[in-house]
Amino acid sequence: MKVFIFSILKFGLRVLYAPLKLFKTKNRIVYLSRQSNEKSLDMLLLEKAVAEVCPDTEQVFRLRMIPDGFADKIKYCLGVIGDMYYLATSKVAVLDTYSITVSCLKHKKDLKVIQMWHALGAVKKFGLQSVGTKEGRDEKISTAMCMHKNYD
């Protein structure tokens with residue numbers, strides 16, 4: 001049942017996203033995070049380096065953890081539409097974790113997606129390695145949500 005619901009939601013997102021891709025691509029990097037509402041140290045350092053090397057590149061930060069309350073979850077979902085706009089109109093997307101909007105949507109060919117590793121040298125399983133394990137996501141849900149797809 002969950003897989004069916006996720007498939008319907010994914011279809012709805014794709015319908016909403018399609019017209020946004022008609023907007024012109026801008027010289028912009030969008031940073032997406034569900035892990036924090038604040039810029040991570042990695043993001044701060046990357047922002048500074050990009051500003052020095054490519055000062056004409058706009059940098060937009062869309063950093064929001066999924067909240068607990070129902071009303072806050074509705075606001076979060078509305079924010080996802082903003083994420084889709086920035087994905088549709090940016091040259092580069094930088095993530096620090098799985099992003100539903102990045103993985104489930106079909107993007108313009110010129111969008112480059114980079115997932116930053118936040119645990120170099122970690123001794124743990126992550127990403128697709130943990131799918132179907134006790135520590136990881138359910139394999140059917142992972143497939144339905146296109147987990148960790150569309151990265152460059």
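Two strands count as paired here when DSSP finds at least two bridges between them. All views show a predicted model.

View 1. The order along the sequence is α-β-α-β-α-β-α-β-α. The protein has 152 residues, and 37% of them count as buried. A search of the whole structure returns 4 salt bridges. The views below take up the sheet, a crossover, salt bridges and a surface patch.

**View 2. An open sheet of 4 strands in the order 2-1-3-4.** The pairing in this sheet is parallel. Strand 2 and strand 4 (112-115) stand at the edges. Each has a single partner strand, so one side of each lacks a neighbour in the sheet. Neighbouring strands are turned by 20° against each other on average, with direction ignored. Strands of a sheet pair through backbone hydrogen bonds, either parallel or antiparallel.

**View 3. Strand 1 against strand 2.** Strand 1 covers residues 28-33. It pairs with strand 2 in the parallel sense over 6 bridges. Tyr31 has Phe61 as its bridge partner in strand 2. Strand 2 spans residues 58-63 and is mostly covered. How many of its 6 residues are buried? The count is 5. In a regular strand, side chains alternate between the two faces of the sheet.

**View 4. Strand 1 against strand 3.** These two strands run parallel and are joined by 4 bridges. In strand 3, its bridge partner is Val94.

**View 5. Strand 3 against strand 4.** Strand 3 (residues 92-95) pairs with strand 4 in the parallel sense, over 4 bridges. Ala93 stands opposite Val113 in strand 4. Leu95 has Gln115 as its bridge partner in strand 4.

**View 6. Val113 in strand 4.** Is Val113 buried or exposed? Its relative accessibility is 2%, so Val113 counts as buried, the cut-off being under 20%. Lys91 lies 22 residues from Val113 along the chain. The C-alpha atoms of Val113 and Lys91 are separated by 8.8 Å.

**View 7. A right-handed β-α-β unit.** Three elements make up this unit: strand 1, helix 2 (residues 41-53) and strand 2. Its two strands are paired in the parallel sense.

**View 8. The salt bridge between Lys39 and Glu47.** The closest N and O atoms of this pair are 3.0 Å apart. Lys39 has a relative accessible area of 34% and is therefore partly exposed. Side chains of opposite charge can pair when their charged atoms come close.

**View 9. Asp83 and Arg62 in a salt bridge.** The N to O distance between these side chains is 2.7 Å. The pair links distant parts of the chain, with Asp83 in helix 3 (residues 70-89) and Arg62 in strand 2. They are 21 residues apart. Both Asp83 and Arg62 are buried.

**View 10. Asp83 and Arg64, also in a salt bridge.** Here the N to O distance is 3.1 Å. This pair, too, links distant parts of the chain: Arg64 is in the loop between strand 2 and helix 3, and Asp83 is in helix 3. The two are 19 residues apart. Why does Arg64 count as partly exposed? Its relative accessibility is 21%, and the buried class stops under 20%. Asp83, at 7%, counts as buried. Salt bridges that share partners join Arg62, Arg64 and Asp83 into one network.

**View 11. A nonpolar surface patch of about 570 Å².** Which residues make the patch? They are Met1, Phe4, Ile5, Ile8 and Leu9. Met1 sits in the segment before helix 1 (2-20). With a relative accessible area of 75%, Met1 is exposed.

Definitions and conventions
Residues numbered from 1 in each chain as written. Predicted model: local features only at pLDDT ≥ 70, side-chain atom pairs only at ≥ 80, totals over all residues. Heavy atoms only, no water. Buried < 20%, exposed > 50% of the residue type's maximum accessible area, 1.4 Å probe, protein only. Right-handed = clockwise from strand over helix to strand, strands pointing away. Patch = residues over 30% accessible without salt bridge, like charges linked within 9 Å, V, L, I, M, F, W, Y side chains within 5 Å. Areas by Shrake-Rupley, 256 points an atom, 1.4 Å probe, with all protein chains shown as cover. Axes fitted to C-alpha atoms, helices over the stretch in contact; angles between N-to-C directions.
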